[in-house]
Amino acid sequence: MQHPPPRGRRSFWQWYRAQTRFARIGLGCASIFVALLLCTVALTVYGSTLPPTRAPAPTQAPTHAVVLTTPRPTATPTTTPTRTPTPTPSKVTVPHLGGAITDFIAKYGQPVDHSDPYTYGWFRGNNGDSLRVSTLIDPHHVDEIDVQAVNGDMSNTASASALCTAFNPSDARQLRRVPVTDPSGLDSGFDVVYISSSLAREDTSDQYQDSQQNNVTPGTFDIKYNYMPGTQSIGSCEVLIGDQQEVP
């Protein structure tokens, strides 16, 4: 018995054409699905080999500093007490050489002796005037002062100086002290010379002279302390502008 010759192998295309229409559609869809699946797998594998991509840093919105201001408490107005003005004390002028005659009257009262319009005298004891002032240069200002010893008040130099320098201007400065002799050459006392700027404004410059009528520095004055006869106890002192009592 003779066998028929074997059939040759059909190609894939021949096989595909030999399938029914629905089979071919199913095969096409299956092929597409397999292809997509392979592509997905391939992309997944490829993507795993790439370095990781950093996510972009989020954009920060600009920050604005917020300054919190603490409200200041409202000051409560305080009532300032009204100050009572301090009364200005009345000016009291100490009686002094070159000062007003009214200062002497205010302190010692009305003079006991004023028979001479240029001389004022006050009694403080039974031995006569203890204080006498003169206003020969200016009728309103004192240019000479005599202090007499009463009951031994000027028995020593310290007490005499306290009584006589009480009439010095407040800015008086001592310049010198010189002895005074009488015509017979015996000590009759001593003379102390001072200078005062305030006194220089009381009288004109030509009123300041020495015993020879020569002009001296304005503001010069002296105090002559007189010894009682035959002793060195001071019986009186004379305060005078210029330097007229010092004997050269």
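Asp 113 is partly exposed, with a relative accessible area of 23% (buried means under 20%, exposed over 50%, partly exposed in between; 1.4 Å probe, protein chains only). This is a predicted model, where local features need pLDDT of at least 70, side-chain atom pairs count only at pLDDT 80 or more, and totals for chains, interfaces and linings use all residues. Side-chain values use heavy atoms, without hydrogens and water, and residues are numbered from 1 along each chain as its sequence is written.

**Salt bridges**

The structure holds 2 salt bridges (a side-chain nitrogen of Lys or Arg within 4 Å of a carboxyl oxygen of Asp or Glu). Asp 113 pairs with Arg 132; their closest N and O atoms are 3.7 Å apart. Asp 113 sits in the loop between α3 and β1 and Arg 132 in strand β2, so the pair ties together parts that are 19 residues apart in sequence. Helices (H or I, at least four residues) and strands (E, at least two) are DSSP runs, numbered from the N terminus. The other bridge joins Asp 243 and Arg 176, with the closest N and O atoms 2.8 Å apart. This pair links distant parts of the chain: Asp 243 follows β7, Arg 176 is in strand β4 (residues 173-181), and they are 67 residues apart.

| Residue | Relative accessible area | Class |
|---|---|---|
| Arg 132 | 27% | partly exposed |
| Arg 176 | 35% | partly exposed |
| Asp 243 | 7% | buried |

The largest nonpolar core has 26 residues (buried Ala, Val, Leu, Ile, Met, Phe, Trp, Tyr and Cys joined through side-chain atoms within 4.5 Å). Those with the most contacts inside this core include Phe 104, Ile 145 and Val 147. Strand β7 gives the most to this core, with 4 residues.

Strand β3 (residues 144-148) is mostly covered, with 4 of its 5 residues buried. β3 pairs with β7 (residues 234-241) in the antiparallel sense over 5 bridges; pairing requires at least two DSSP bridges between two strands. Asp 146 stands opposite Glu 238 in β7. Leaving out residues up to four places away in sequence, Val 147 touches Met 154, Phe 167 and Cys 237, among others (contact: heavy atoms within 4.5 Å).

Val 34 is in helix α2 (residues 21-49). Val 34 is partly exposed, at 44% relative accessible area. Gln 213 lies in the loop between α5 (197-200) and β6 (220-227). Gln 213 is not a glycine, yet has a positive phi of about 60°. At 53% relative accessibility, Gln 213 counts as exposed.
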